[in-house]
Amino acid sequence: MFESLQDRLGGVFKKFKGQGRLDESNIQEGLREVRLALLEADVNFKVAKEFTARVGERCLGQEVLRSLTPGQQVVKIVHDELVQLLGGEAKGLELRGAPAVIMMVGLQGSGKTTSSAKLALYLRRVHKMKPYLVPADVYRPAAIDQLTTLARQLDVPVHPSASGDDPVDIARAAVVAAREQGCNVVLLDTAGRLHVDEALMGELAAIKAAVRPQEILFVADAMTGQDAVTVAESFDAKLDISGVVLTKMDGDARGGAALSIKHVTGKSIKFVGMGEKASDLEIFHPDRVASRILGMGDVLTLIEKAQETMDEEEAERLGQKFQRAEFDFEDFRTQMRRLKKIGSFESILKLIPGMGALKDKLGEMKVPDKELGRVEAMINSMTQAERRNPALIDKSRKERIARGSGLAVDDVNQLIKNFEGMRLMMRQMMGGKKGKKGGMPKMPKLPPGMAGRMPGLPGAGAMPGLGGMPGMEGLDGAMPGMPGMGGEGPAKSGFTKARKERKKRVKPAKQKKKKR
């Protein structure tokens, strides 16, 4: 999502920053490219026109023309206007009521049923509420069964609806049942159609009148682009929706719906679906999304995701093990599993400021999930003693581990070799003095106040497998057993290669000193 827009805007801002002074002509030329980038991203043409007009008005004011860094000032203006376009600030849910009622509406196939289950999990986990799921779609085959199955998986109570029942009666009975069972929020999964029609709107209006929901959330598929905005207008006109849930935001849609829907309907996006898992529902933060679009990363979201996977006590314990370089295979496996929960390696890079542009330069360094699975299979095939003390692993144990994981002995050798290389690097980083060979590489700094607030990231301060990236030289191959991460097979690891390269660079300087 937003990748093509991010690339186009990045090119425009690069031109702005490359000019020492900005005037009306080059500002207007740049804004034309910004408008084209928005239109290519499927943003409503009126929205794109008004957006660039507001940006142009501010750019031609004194804050840019007299600025010492006009290019950066333009980026700031675009960021501020994007935040306003996306809704200004995150909007919460109205959860007053005994019980509170949330009505999920939208077209068929937009993701209402899955979003209802995701929202139930979110309310239970974040707001400590007891949700009650209600399947009110009696038309779509297996719709009731689908929500019932999801509710069972999440251990959430579900209303016993039947396909022959009237949706309005289901809604009334569900509110009474929820109150009797002590549930404080009811989630109504209503029916949809392939397109908006009077019968659908009449039924939804009748349900609204019967249960008076505190929230009516319109669920839209982000892949449909401007069609989602048009449909949202129709639902808003009939039902007065209170907010929007955008699904499939992890796909390759161009992002036009997200950028247009607030401006056109006046209703904010409240949640976005970022995957197929029940936990893949996020609050929509306009400022964070604007930062991602402009390639500034999103450290706060990364911190929140990391904190969800590890508590403070465990982070402190792991930090002490890092400092003593006592990191073992059990710790590595735990961290690798947490990394999977946070997201893919590429998705994490996008959240780190300055790293998003590297996604196209990774090449073979991209780590597919199956490679992480291979590493975990080898670690799982070890005994607890072997995981805690890799020095115990001799030739016969390696053969047993290889058989147990379905891999070759060379793969096990590579895993152990790279793991020991990583531990050696950790010792040098924790104990290396300034100027000492193998000392700690220069790492990019986090924004003020963010240091030390990212528990759950494997190798905190020594991000594995980042060799070749700016300020991270010497970290190639640091991730154990990851093919294509900078190593050169079992004989050489990326860590050893980087150390040899460093020696080559040092030799000529010493020879010149001797000649003098």
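## Asp137 and its partner

Asp137 is buried, at 5% relative accessibility (buried means under 20% relative accessible area, exposed over 50%, partly exposed in between, with a 1.4 Å probe and protein chains only). Its side chain meets that of Arg140 in a salt bridge, 3.7 Å from N to O (a side-chain nitrogen of Lys or Arg within 4 Å of a carboxyl oxygen of Asp or Glu). Arg140 is partly exposed at 26%.

This is a predicted model, so local features need pLDDT of at least 70 and side-chain atom pairs count only at pLDDT 80 or more, while totals for chains, interfaces and linings use all residues. Residues are numbered from 1 along each chain as its sequence is written, and side-chain values use heavy atoms, leaving out hydrogens and water.

Arg397 sits in helix H19 (residues 395–405) and Glu386 in helix H18 (residues 384–388), so the pair ties together parts eleven residues apart in sequence. Helices here are DSSP runs of H or I, at least four residues, numbered from the N terminus. Glu386 is buried at 0%, whereas Arg397 is partly exposed at 29%.

There's also a network of salt bridges linking Arg54, Arg58, Lys76, Asp80 and Glu81.

## H6 against H7

Helix H6 (residues 112–126) and helix H7 (residues 143–154) have axes that come within 9 Å and cross at roughly 25° (axes are lines fitted to C-alpha atoms over the stretch in contact, with angles from 0 to 180 degrees between N-to-C directions).

Note on methods
Helices (H or I, at least four residues) and strands (E, at least two) are DSSP runs, numbered from the N terminus.
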